[in-house]
Amino acid sequence: MSANFRTAEDGRIDRSRPLGFRFDERSYQGFPGDTLASALLANGVHLVGRSFKYHRPRGILSAGADEPNALVAVRRDEARYTPNLRATQVELYQGLSAESQNRSPSLAFDIGAVNDRLSRFFPAGFYYKTFMWPRKAWERWYEPWIRAMAGLGRAPTLPDPDRYANRFAHCDVLVVGAGPAGLAAALSAAEAGARVILCDEQAEFGGSLLAESDATIEGKPAATWLAETVALLALKPRVTLLPRTTAFGYFAYNMVGLAERLTEHLAEPDPALPRERLWQVRAREVVLAAGAIERPLVFPGNDRPGVMLADATRTYLNRYGVKCGSRAVVVTAHDAAYRAALELHRAGVAIAAIADLRTAANGPLPEAARAAGLPVRPATTITGTGGRLRVTAASLAPLAAESDRRGAEPLTCDLVLMSGGFTPSVHLFSQSRGKLRFDGELAAYVPGHSVQQERSAGACRGVFGLAAALADGAAAGEAAARAAGFSAARARSFACHASGFGTGGIRSVLPNAHGAKAFVDFQNDVTADDLVLATREGFHSIEHVKRYTTTGMATDQGKTSNMNALGIVSEALGKPIPEIGLTTFRMPYTPVSFGILAGPSRDELFDPVRTTPIHDWATAHGAVFEDVGQWKRARYFPAPGEDMERAVARECRAVRQSTGIFDASTLGKIEVVGPDAVEFMNRIYVNAWSRLGAGRCRYGLVLREDGFIADDGVVGRLAENRFHVTTTTGGATRVLAQMEDYLQTEWPELEVWLTSVTEQWAVIAVQGPRSRAVLEGLVEGIDIASRAMPHMSVAEGRIRGVPTRLFRVSYTGELGFEVNVPADYGRAVWEEIFEAGQPHGITPYGTETMHVLRAEKGYIVVGQETDGTATPDDVGLTWAVGKTKPDFVGKRSLARPAMRAPGRKQLVGLLTEDPHFLLEEGAQILAAPNQKAPTKPLGHVTSSYRSATLGRTIALAMIAGGRDRMGEMLYVTTAERPVPAKVTSPVFYDPEGARLDAA
Amino acid sequence: MPPDRAALARLPAASRFILRGKPAAVTAAGNVFGIGLPEQACRAAVAADRAALWLGPDEWLLLAPESEGAELGATLARAMAGAAHSLVDVSHRQIAIEVSGPNAEAMLNAGCPLDLDPGAFPVGMCTRTVLAKAEIVLWRTMPLCFRVEVSRSFAAYVWRLLEGASREFGPQPKRCGE
């Protein structure tokens, strides 16, 4: 087994419950409270991955979200395989199984590492320079090769079986980050009575307090204060605490997206819990307390496993009880590394040397280090590291001018601590569209001008040190609460004793590091030389340098690298950093899963599935359904052994010869009621309604303002002031909205009101010569004889005791009725009619048959024959237009010359020369069979069916000047060759309409 | 888990009318309905087993027990005769779902973007809103009890969504007040 680097005691892990886990087929042990990274380090494992481009061995660099190297895949099963997780953020659980990425065959021996030897052939912009020619090589060779090389990890191959939840939330103050600043802010705001949400990406609240060894707050050890503060907040009913929750995006109007991970840390997740939850928080005020990220130093071999950020090693020691090595070399430009050195030293880690890049190492922390006997070497740099899969030595050299690497002194070590200072985490502030400001004294970008209701507190705005962060956070919480309307808010003050944070920092490459691999961006393998080369090749804007070298473009978005890249480009160009510009901070802060973004919207909740009251009957009778918008509609009812063609032929014959029954419940229905109802109808529809008597129906046509057909449907006048309007299934919502829009904005003076009744009524169409006979025995209170109830009439009565609106209408060309009953009764009434129709051979039919029957009659479908550019005249509906009406929606547009120009496409029928050839809907229509490209089509096929009634195929088409082409032979494109078809009237069956009264 | 943490129940059928019209009609309707129709936006008025929900400046949803529907419709129409209005029976257009318990707000906020804190959405408040991809009318009938009115073809979607959201709070369909 592996070495044990666990301290004897301390840390926030539960040593009483060892956890077994696997990494790359080897078993290890850790404890509750560990991350995968801390548990691996405790076992002496630093090598965890291979780099993206050069396949260099890489180790754990950091202890948090900024980790660029330790990207692993965690596998529960093949459906729960998550690649590219930062090992520093993966909580350990019993049985966790993780594997490294980007290596083959193994982490220790990786064939791809040959790229490292060949690295001088992979300069910045390698792709742009190399894959230029020959052009043909792209498809065959370059692209497949690049695709095989590109990407880290692999995607799971099975569908995600877990549930993801969504939650909308509102609060007065959202605090992002539960370190000292965030906790103090939340306390101030909560004590003022504000509704507070406090979130933190880590499993435990506390931020830097979790790694605090000797600080006290209000006289208590930091850990005690932390526990009490969290407990206090948890007791407040208006405070919501969200650990394991990353604020990943700051959107407009103070909407912040939070990704909460509920079960990722559990060995056996509770199936009742969603795996993750997306919080969409609308906050009155936001306090950003995101902390800061330590910068690596840029020197040759700085990517060797065992080279770590100094403060991260403190975290591993104090929080996880893990010593990251046994003998450390410390290299720093910031006092904070001394604190790490001191604490590691106290824990028994030998400190071989502290190389300080500054000419003088003074101040309390360096003095304390000296007092502890640590070898402090000011004005000293690191010129390289030794070792293959783990650092074994670090070479230090005096900073004296022109000293070179050969004069360096190699020190044996298994750990290198580095600190280039701290970069405030301004990601969310920047996403909020706030303007960053370059603070010359800190040499860092900090939040400047805010454009949303937010404020930053603590290290994320450059306020470093425990006491300062607490005070800054408390003030920010007070300010946020006040801004949210809690004027009594008071900032708490905290008595705090902590070692100073110190000062310092560097943002560039170390001296003498050029010409060797000194990494800036670890995840994308970008070196200092790559950046310098890019500037030499003319890329001077940081946005261009970024894209040319890919620095900062990995999944970590340059959390550890961006400032160093800016510094290097700044030096190369001889311009101060603020003049180089800054790349954009994009959401998400850390990657979020597709699952959390999809949320519950998958499978049966992907979109509402709307069904009619008769749906279950249709299902039971073997219906095949089709999607019409969100509705499921029965398309046909195949008898055993029938395909669609034969089922539809049978259904069509039944309607033409006896009777069919059809579920038309999805039709849009609007009740238009009021003294001005008829006036409103006159204005909305092209038709004239004034002379339509109560009890009568009319086919209505609605245009848009531009004069083109928007919708159609039969309208019944139930009473003087009451119309029952039907619309197409797909147009129901749109037509109601258009009507309401006109009423509210154009004609507010009209006393008429609209109510959607689409779902109030189940609609059962009974169509065919025997339909009256079927209904006769069922209908009560309505005389349905032809004289009393002619075609296009409506009456109210009962059917088998159920109140009904009975329409005599036909979309089939046959005698027909549409029975409207309140939806709850739909199924029962349908079954009564079906039963009564048995002696007449009543046959259920679906939308496909409905389409064939209406096409035989030349009835249009809005959206199929029309395409948003068809006028009533184009589709032969001039008769519907009320010529004498003063106005209606679209009337003025119809008067435009272009709307009457000759050569407009007109609705016609098409009969193929071969009566059994079925044209394709959408096929183009040509004047001659052998036209040379480019041809100008005359029009296109809009509907095409096999007509059982006519014993041949039929088609409808929109053809330029079509009505003047009757009898012409035109040619319709097919996959093979144009086929001849004759232009005919669009009415193929019963043109005189005799069958409407045939019984 | 305590058994009453979250509850989801389909409410019995009801008589529903959409009343739209001029003030004279609205006053007359209130007189016979037994509840003055609320003039304050997004507020419901309740008396015994009837309720009137403000849905718009000239639109109310009237709720009554199913058995009273036919008689109620005729009574309302008579009372408003002569005053411009529209009274439409929509009893079967929608169904009602009750969401109750300490986690009712959380369940609804799985799909409803409104602030449902009692301070922002008090008892008696009602509004048209959305639940994920469905339009609903949401009414807070009691501190821990909401009534969701939803078009019948969207009911299965709404139910499944709420049922999914309730799962983490433990099982138990149980009515509030029971």
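Predicted model: local features only at pLDDT ≥ 70, side-chain atom pairs only at ≥ 80, totals over all residues.
Colleague: Which element of chain B gives the largest share of the side that touches chain A?
Modeller: Strand 2 (14-21), strand 6 (85-89) and helix 4 (155-166) of chain B each supply at least two residues of that side. The largest share is five residues, and they come from strand 6 of chain B.

Colleague: How do the residues on the side of chain B that touches chain A divide into nonpolar, polar and charged?
Modeller: Chain B brings 36 residues to the contact, and chain A brings 42 residues. On the side of chain B, the division is 14 nonpolar, ten polar and twelve charged.

Colleague: What is the distance between the closest N and O atoms of B:Arg160 and A:Glu604?
Modeller: Seven salt bridges are counted between chain B and chain A. For a salt bridge, the side-chain nitrogen must be within 4 Å of a carboxyl oxygen. B:Arg160 and A:Glu604 form a salt bridge, with their closest N and O atoms at 3.3 Å.

Colleague: Which residues of chain B lose the most area to chain A?
Modeller: Chain B and chain A bury about 3,400 Å² between them, with 52% of that from carbon and sulfur atoms. Three residues together make up 18% of what the chain B side buries: B:His92, B:Ser153 and B:Glu168.

Colleague: Why do strand 3 and strand 6 of chain B each have one side without a neighbour in the sheet?
Modeller: The sheet is open, with five strands in the order 3-4-5-2-6 and antiparallel pairing. Strand 3 (44-47) and strand 6 of chain B stand at its edges, so each is left with a single partner strand.

Colleague: What angle does helix 2 of chain B make with strand 2 of chain B?
Modeller: Helix 2 (residues 69-80) packs on the sheet and touches strand 2, strand 4, strand 5 and strand 6 of chain B. The direction of helix 2 of chain B makes an angle with that of strand 2 of chain B of about 15 degrees.

Colleague: Which residue in the turn between strand 8 and strand 9 of chain B has a positive phi?
Modeller: Strand 8 (residues 126-131) and strand 9 (residues 134-142) of chain B pair antiparallel over six bridges. B:Cys126 stands opposite B:Trp139 in strand 9. The two strands form a hairpin with two residues between them, and the positive phi, about 50 degrees, belongs to B:Ala132.

Colleague: Which are the edge strands of the seven-stranded open sheet in chain A?
Modeller: The order of that sheet is 41-42-43-44-40-34-45, and its pairing is mixed. Within the sheet, strand 42 (residues 793-799) and strand 43 (residues 802-808) of chain A run antiparallel, joined by seven bridges. The strands that pair on one side only are strand 41 (779-780) and strand 45 (843-844) of chain A.

Colleague: What is omega for the cis peptide bond that joins A:Ala933 and A:Pro934?
Modeller: A:Pro934 is placed in the loop between strand 47 (924-926) and strand 48 (939-947) of chain A. The bond joining A:Ala933 to A:Pro934 is cis, and its omega is about -5 degrees.

Technical notes. Residues numbered from 1 in each chain as written. Chains lettered and ligands numbered in written order. Heavy atoms only, no water. Contact = heavy atoms within 4.5 Å. Buried area = accessible area lost by both parts, 1.4 Å probe. Helix = DSSP H or I, 4+ residues; strand = E, 2+ residues; numbered from the N terminus. Nonpolar A, V, L, I, M, F, W, Y, C, P; charged D, E, K, R; others polar. Pairing = 2+ DSSP bridges. Axes fitted to C-alpha atoms, helices over the stretch in contact; angles between N-to-C directions.
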